Structures are given as C-alpha cells and as structure tokens.
Amino acid sequence: MINPHVHVPYNRIGTYFDFINEHRINLEIFFAASHLDEIKEHEIVMLLEKIDYKPSVTVHAPFMDLSPGAVDTHVREITVRRFSQVFDVAETLTPDVIVFHSGYEKWKYAHNIDIWLEGSLKTWKPFLKRASDIGTKIAIENIFEDDPTNLRLLMERIGSELCGICFDTGHCNLFTRVPLEEWLRQLKPYIIELHLHDNNKTFDDHLAIGDGSFDFDTLFATLKGKELVYTIEAHTPEETVTSIKRLQKYF
C-alpha cells in the first residue's frame, strides 16, 4: 500500500483541510514567489498543527521567471535568492525532498547544453550543504526537455546523493521525442521522486493516472524496487482520489 504525496499550493491548504484530513495524505507544498515574500515561520507551524495527523512533507519551489542555468548573472542571482528563501522555509518544515524545475529549454540555449550546465552547477552546488544541514534532498524536475541528456549530465557533474531527479510523467509525455525506455535508461539511477499525472500529448492537462496516454505500466515495471517519493499532481480532488486508487494496483 503506497501512501503518496499530493501537490497542494500553500495558499490552498486551508481550502482542502477537510479533504486532507479525511484521506490522511502526505503533502507536497508548492510555494510561489508571492508566498515567500509574505510567509512567516509561525504561520507555517500553525497551518500544519491544524492537520490532525503528521503527514510526510515535500516542498515544491517557485519557478516562474527563474532560471538556475541562466547566462545572465543577475538573473541567476535572483533565482538563487528565491531558492534560498525556499531553504529558509525548509528549515521549518524539514521536508524529505525539495523539487526545483530545471530551467532548460533547448531553443533558448541554442541546443548548447554546456552553457546551461555551467550556470546550473554554480547554482546547485552551494545548496548541497544547506540540504545536508536540513536533512533533505534536492530533486530537479524535467519540464520542457524532449530528451533526458541534459539532466543526466547535470547529475553526473553534481555527483551527490543529496541531488537527484524528479521525473514528471506528464511533462515527459507532452514534450518527449525519445521513448520512455530511453528516459529511464539514462535517469533511473538518479530518480528520487515521481510527479504523477497524465495527458494526451496536446496539453499539460494534469489528468488522473490512466486518463491520458502515458505508459505507467512501463514506468512502474522499470522502477520496481526503488525507494521513491510518489506525488500525485492531478488538479482536482476527484482526480486525486482516482489517481491514488489506480496507483495502488502497481504495488
């Protein structure tokens, strides 16, 4: 029996208190930049105290306008500042994993992975110490990647058990140009979390598991035996419940 995490924006937790308590779900809390500007430590503590059990927690960092592999040093400085705020929150929450978007877009970087990789290493390596001190791990999520090469190279260059991959099924299904088997061949050693949602390759719908065209059978068969964080990213409570039920058949 798998008890997955469910992705919930910080400002929506109160809205879903009844649902959260009823299903006793683990939480992946998304903090947008605006949340980080306004949040107070005691507010986080009070919020979690309203949940009548102790969920396992992961954190999802902001991503809009941010670029961890930026060529422009000022853009990267702002990105690092935002990510530092996420680690400040993590000191209170002590999450198992903090998820960050990779920021790689092949057209923006003219297919030059090395440019992105150089900036990314400057961003991520200093955060390894903070992750270690908190007792958490950094997970880099695939977004617009149409093949896994840049993520594999980043993991090889970072070379730390404190940093791994959050493999997002919906993003892979929507953007990939290579078979799922190739993604898993390259990234399996580094995957520490799964973002589970579905689509039909036309839009990032965040449907329930099995309501689109992603090959979950191959995914779970290939990753069988790995200790992972399983996170549901369906966008409605109904689809979340459906995903949780369908996930169980693989275990």
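At the start of helix α4, a side-chain oxygen of D72 comes to within 2.9 Å of the backbone nitrogen of H74. The model described here is predicted.

Helix α4 comprises residues 73–93, 21 residues in total, and its first and last C-alpha atoms lie 30 Å apart, close to the 30 Å expected at 1.5 Å a residue. Its buried residues are R76, T79, R82, F83, V86, F87, V89, A90 and L93. These residues lie on the same side of α4, because they cover an arc of only 160 degrees around the axis. An α-helix has 3.6 residues a turn, so residues three or four places apart point the same way. The exposed residues H74 and R81 are carried by the face of α4 that is turned away from its buried side.

Just after α4, T94 adopts a positive phi of about 45 degrees. This residue belongs to the loop between α4 and β4 (97–101). A110 likewise has a positive phi although it is not a glycine, with a value of about 50 degrees, and is located in the loop between β4 and α5 (113–124).

| Residue | Relative accessible area | Class |
|---|---|---|
| T94 | 49% | partly exposed |
| A110 | 60% | exposed |
| T136 | 2% | buried |

T136 is situated in the loop between α6 (127–134) and β5 (137–141). Because its relative accessibility is 2%, below the 20% cut-off, T136 counts as buried. The side chain of T136 reaches the backbone oxygen of P95 at a distance of 2.9 Å. Leaving aside neighbours within four places in sequence, the contacts of T136 are F87, P95, D96, V97, I98, A131 and L162. One of these contacts, F87, is also among the buried residues of α4.

Elsewhere in the model, strand β1 (residues 5–9) runs parallel to strand β2 (residues 26–30), and 5 bridges join the two. Within this pairing, H7 has E28 of β2 as its bridge partner. Between β1 and β2 the chain passes through helix α1 (residues 17–23), and this β-α-β crossover is right-handed. Strand β1 also pairs with strand β8 (residues 229–232), in the parallel sense and over 2 bridges. In that pairing, H5 stands opposite T231 of β8.

Technical notes:
Residues numbered from 1 in each chain as written. Predicted model: local features only at pLDDT ≥ 70, side-chain atom pairs only at ≥ 80, totals over all residues. Heavy atoms only, no water. Pairing = 2+ DSSP bridges. Helix = DSSP H or I, 4+ residues; strand = E, 2+ residues; numbered from the N terminus. Right-handed = clockwise from strand over helix to strand, strands pointing away. Buried < 20%, exposed > 50% of the residue type's maximum accessible area, 1.4 Å probe, protein only. Polar contact = N/O pair within 3.5 Å; in protein donor to acceptor, adjacent residues only side chain to side chain. Contact = heavy atoms within 4.5 Å. Expected span 1.5 Å × (residues − 1). Arc of directions from axis to C-beta.
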